[in-house]
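Please open the model in your viewer and keep the selection tool ready.

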Amino acid sequence: MTTATRVAPACAAPLAAPGELDGIYRKILKRLIPFLMVLWVLAWIDRVNIGFVKLTMLDDLKWSEAIYGLGAGIFFLGYFFFEVPSNLLLQKIGAKKTIMRITIGWGLTSIAMMFVTTPGMFYFLRFLLGVFEAGFYPGIILYLTYWFPDQRRAKAFGLFMSASALAGVIGGPLAGTIMTTLNGVNGWQGWQWVFLLEGIPSVIAGVVTWFYLTDKPSQAAWLTQRERTLVQADLERDQRALGHREHSLLASLKDGRIWLLILVFFCIIAANSSLTFYGPTLVKEVGFTSPAAVGWIMSVAYLFGAAGMILNGAHSDRHQEARLHCGLAAALGAASLLAMALLLPLGALPTLVALTLAIVGTMSAIPVFWQMPNRVLAGSAAAGGLALINSVANLAGFGAPYMLGLIKTSTGSLTTGLYVVAAVEICATALILAFVPRLSRAPLPAAQPAH
């Protein structure tokens, strides 16, 4: 027997038994996704609770809708300037340190919002909230690529991102109840209590992140050695199956596909942020004036949104198709926004049905969208490219609420603004169908012993 023959078995990766990898990935999913969802729920609540507190905050501080719209949107300027550096830092120092820093920072900033008295303070703290949260969302997208191969990611993305819809389910009733029951306690307004009580859990969660998260599968003490080896071999096979992808961030900036994806996501985010920051206002306009009632109605709408995200992501995984799953979901969002603008004068029920369908469509498009850049980028290009797509596209999150606020202030109605947002959203579907190619992957090779 030769030396090579004797050494080979010692360095070979074991072959997975039928169904074994499915069990390992279920284990990883159960370990990571619930905790990441909790973090995203906290981040989303701290980001969008301004949409609920405005129901009384604007009257208390004598502010206009335009001031609110600018403050709501300026959050995304912090995203724009700091998201790419944050994601590159995550790749360098790991997810655990990065996510801990982000979570504690946004929690403290949210608490500080309770002391806002002037528009200038409002704008500064909303910008600072964006600075701290920058990198969290694309950072988690990048982080999940370290744990799941391409054909399993849409489900993981869908579950994680559905937390934003679940945050709507939780956040609306929570903010409404706090504003109603604690208004005047300790001399503070109800909206001040919302910022305080919803910021504290984020600070605590940031500390927990340090002890709970694991950066990569090779460091996971909660996996057996065999499980770690099988996952690593599977991820390497997946990398080979995807073929050549751009690894250089600077080179990826010259790739027209990246800028096309930025434009697509810009259109999706324009609708998503409009519904996020003005959904409660629309509910109030059709006759529901109680903050608690508004919260519960938005909760039901976001419950359907969460279901849409999970189901669309799972269906995308099952059929290995992201392009149509994203484009058709965006089309549903656009059609529903248009219907909402037309139905707003006709009464509460049709408007609320259209609002719910708009939330389902726009939110269901988001998790499967992220399959597209992940199939053309890798390495530093993935870390920076994902953040670049999210940060530039999220400028729509600045522009759309500001535009709606200006229109609401000048006309007293959101109808014209909804027409504009619907037109922007349908552009996402048009761009996807006309210009995004059918991204395919090479046949997945059979598991081979790794040397």
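By class, the lining of the second largest pocket has 4 nonpolar, 1 polar and 5 charged residues. In this classification Ala, Val, Leu, Ile, Met, Phe, Trp, Tyr, Cys and Pro count as nonpolar, Asp, Glu, Lys and Arg as charged, and the others, Gly among them, as polar. The model is a predicted one, in which local features need pLDDT of at least 70 and side-chain atom pairs count only at pLDDT 80 or more, while totals for chains, interfaces and linings use all residues. Residues are numbered from 1 along each chain as its sequence is written, and side-chain values use heavy atoms, with hydrogens and water left out.

**The second largest pocket**

Select Asp22, Tyr25, Arg26, Leu29, Phe148, Gln151, Arg152, Lys155, Ala156 and Asp317, which line this pocket. Its volume is about 180 Å³. Helices H2 and H8 each supply at least two residues of the lining. (Helices are DSSP runs of H or I with at least four residues, numbered from the N terminus.) On a 1 Å grid over the protein atoms alone, a pocket is an open set of points with protein on both sides within 12 Å along at least five of seven lines, a cavity is a set of points where a 1.4 Å probe fits but cannot get out, and lining residues have an atom within 4 Å of a point. Grid points are joined across faces, edges and corners, and a volume is the space filled by probe spheres set on the points.

**The cavities**

How many cavities of 30 Å³ or more are there? The count comes to 5. The largest cavity has a volume of about 170 Å³. Select Trp40, Trp44, Arg47, Ile269 and Asn272, which are the closest to its centre of the 20 residues that line it. Then colour H2 (20-48), H4 (65-93), H8 (150-181), H12 (256-285) and H15 (348-369), each of which supplies at least two residues of this lining. Which helix gives the most to the lining of the largest cavity? It is H12, with 6 residues. The lining of the largest cavity comprises 13 nonpolar, 6 polar and 1 charged residues.

Of its 15 lining residues, Val48, Phe52, Ala167, Gly168 and Gly172 are the closest to its centre. H8 gives the most to this lining, with 5 residues. The classes here are 9 nonpolar, 5 polar and 1 charged.

**Two helix pairs**

Two packed helices are described by the angle between their axes and the distance between the axes. Axes are lines fitted to C-alpha atoms, for helices over the stretch in contact, and angles run from 0 to 180 degrees between N-to-C directions.

Select H5 (residues 95-112) and H6 (residues 119-133), which pack at an angle of about 165° with their axes 8 Å apart. H5 and H6 are therefore roughly antiparallel to each other, a term for angles over 145 degrees. Ile102, Gly105, Trp106, Thr109, Ser110 and Ala112 in H5 meet Leu125, Leu128, Leu129, Phe132 and Glu133 in H6, where contact means heavy atoms within 4.5 Å. These residues divide into 7 nonpolar, 3 polar and 1 charged.

Among the residues in the contact are Ile67, Tyr68 and Leu70 of H4 and Pro119, Phe122 and Tyr123 of H6. By class, the contact of H4 with H6 has 16 nonpolar, 3 polar and 2 charged residues.

Notes. Parallel < 35°, antiparallel > 145°, perpendicular 65-115°, else oblique.
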